[in-house]
Amino acid sequence: MNEARKETELDRSLKKSFRGGKSRIAALIDRSAFCLLIGIAAFVFSRALRIRPTPSAAIGVFAVSASFFCASVLFRRGLRAHSMRLRERTRAALMRERILLLDERELSGLLAAAEAERADGASILLPQKSAPLSEDDVYSAGREARARSGGPPKRLILITLSEPGEGARRCAEGLSAPEVELTDAKSVPALREAFFISEAEIDAAIIAGAKASPPKRLRLAAELLSTNAGKYALLGAILFAASFFMRFAQYFRAVGALCFALFLRLRTYERLKLLRSSGR
């Protein structure tokens, strides 16, 4: 794969990951529908304020254009932040995979070298398991450290390959003989050097991960009905359309505008929740 094609594939893979696996067309339809609903809401609010139809329509068009522009800016900013997080997660995943596949004797040699670099004489252990460390793992590491040193070491550094469980954290904080420190494998210089992950390897892993996950197709009706925010938007659109054929049109439009306002509020909350969960 030449460099230009690789950069294109990587860009597509990063965008696909940021969109949650959704295809580019589906994401465009989703963004267009969202901005169109904002424009409709702006038009409805303008009419509710007794603004004439032509200026109200102009306000609605402006709201759609401004929404598209803001969405594009936010997408680029979010993509940059997501790319940095994804690269770090990919680096950690590749490093964890290599450590888990490493021969136990070679790992012991690396840990011995890491211990020799320290001046405090701390024991360093690394349980080769992909699952989060548990309370039993901490006690088991403490027993192993005692057996190796012929007594309780003053300090035990326990290297984790994934986020430790709450029980493991409480156990590590409660022990005093030895004093236990939980640390990530990336923070140990000897391991970072032994399991160096190049940028090219990270690029290849991101591209391979994007190819392995099929794109999600957009079904607009199902999308609207599957979320609380979408249901408010659908109800607002129905009320707004019905206002042209029913009596007391202003009341239908006012309630429809309220539904659109609730849609925007819930949609923003759902987006923020998704961004927080993707950043973990």
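Strand S1 is joined to strand S2 (residues 155-160) by 3 bridges, and the two run parallel. Two strands count as paired if DSSP finds at least two bridges between them. Within this pairing, Ser123 has Leu156 of S2 as its bridge partner. Leu125 has Leu158 as its bridge partner in S2.

This is a predicted model, where local features need pLDDT of at least 70, side-chain atom pairs count only at pLDDT 80 or more, and totals for chains, interfaces and linings use all residues. Residues are numbered from 1 along each chain as its sequence is written, and side-chain values use heavy atoms, with hydrogens and water left out.

Now the other side of S2. S2 and S3 pair over 6 bridges, again in the parallel sense. Ile157, for one, has Glu181 as its bridge partner in S3. Together the 3 strands form an open sheet, in the order S1-S2-S3, with parallel pairing. S1 (123-125) and S3 (179-184) are the edge strands, and each pairs on one side only. Neighbouring strands are turned by 25° against each other on average, direction ignored. Axes here are lines fitted to C-alpha atoms, for helices over the stretch in contact, and angles run from 0 to 180 degrees between N-to-C directions.

How enclosed is S2? Of its 6 residues, 5 are buried, so S2 is largely enclosed by the rest of the structure. Buried means under 20% relative accessible area, exposed means over 50%, and partly exposed lies in between (1.4 Å probe, protein chains only).

Step back to the whole chain. The chain holds 11 helices and 3 strands. Both are DSSP runs numbered from the N terminus: helices are H or I with at least four residues, strands are E with at least two. From the N terminus, the order of elements is α-α-α-α-β-α-β-α-β-α-α-α-α-α. Buried residues make up 35% of the 280 residues. Among contacts between residues at least 6 apart in sequence, 72% join residues at least 24 apart. A contact means heavy atoms within 4.5 Å.

Helix H6 (residues 166-174) has Gly167, Ala168, Cys171 and Ala172 as its buried residues. They cover an arc of only 130° around the axis, which puts them on the same side of H6. That arc is taken from the directions from the helix axis to the C-beta atoms. The face turned away from this buried side carries the exposed residues Glu166, Arg170, Glu173 and Gly174.

Leu191 sits in helix H7 (residues 189-194). Leu191 is buried, with a relative accessible area of 1%. Which residues does Leu191 contact, leaving aside its neighbours within four places in sequence? They are Met95, Leu110, Leu126, Ile159 and Ala185. Leu191 and Leu110 are 81 residues apart along the chain, yet their C-alpha atoms are separated by 7.2 Å.

Phe69 belongs to helix H3 (residues 53-101). Is Phe69 buried or exposed? Phe69 is exposed, with a relative accessible area of 57%. Cys35 is 34 residues from Phe69 in sequence and 9.8 Å away in space, C-alpha to C-alpha.

Arg31 lies over the face of Phe75, at 5.1 Å from the ring centre. The criterion is NZ of Lys or CZ of Arg within 6 Å of the ring centre and within 35 degrees of the ring normal.
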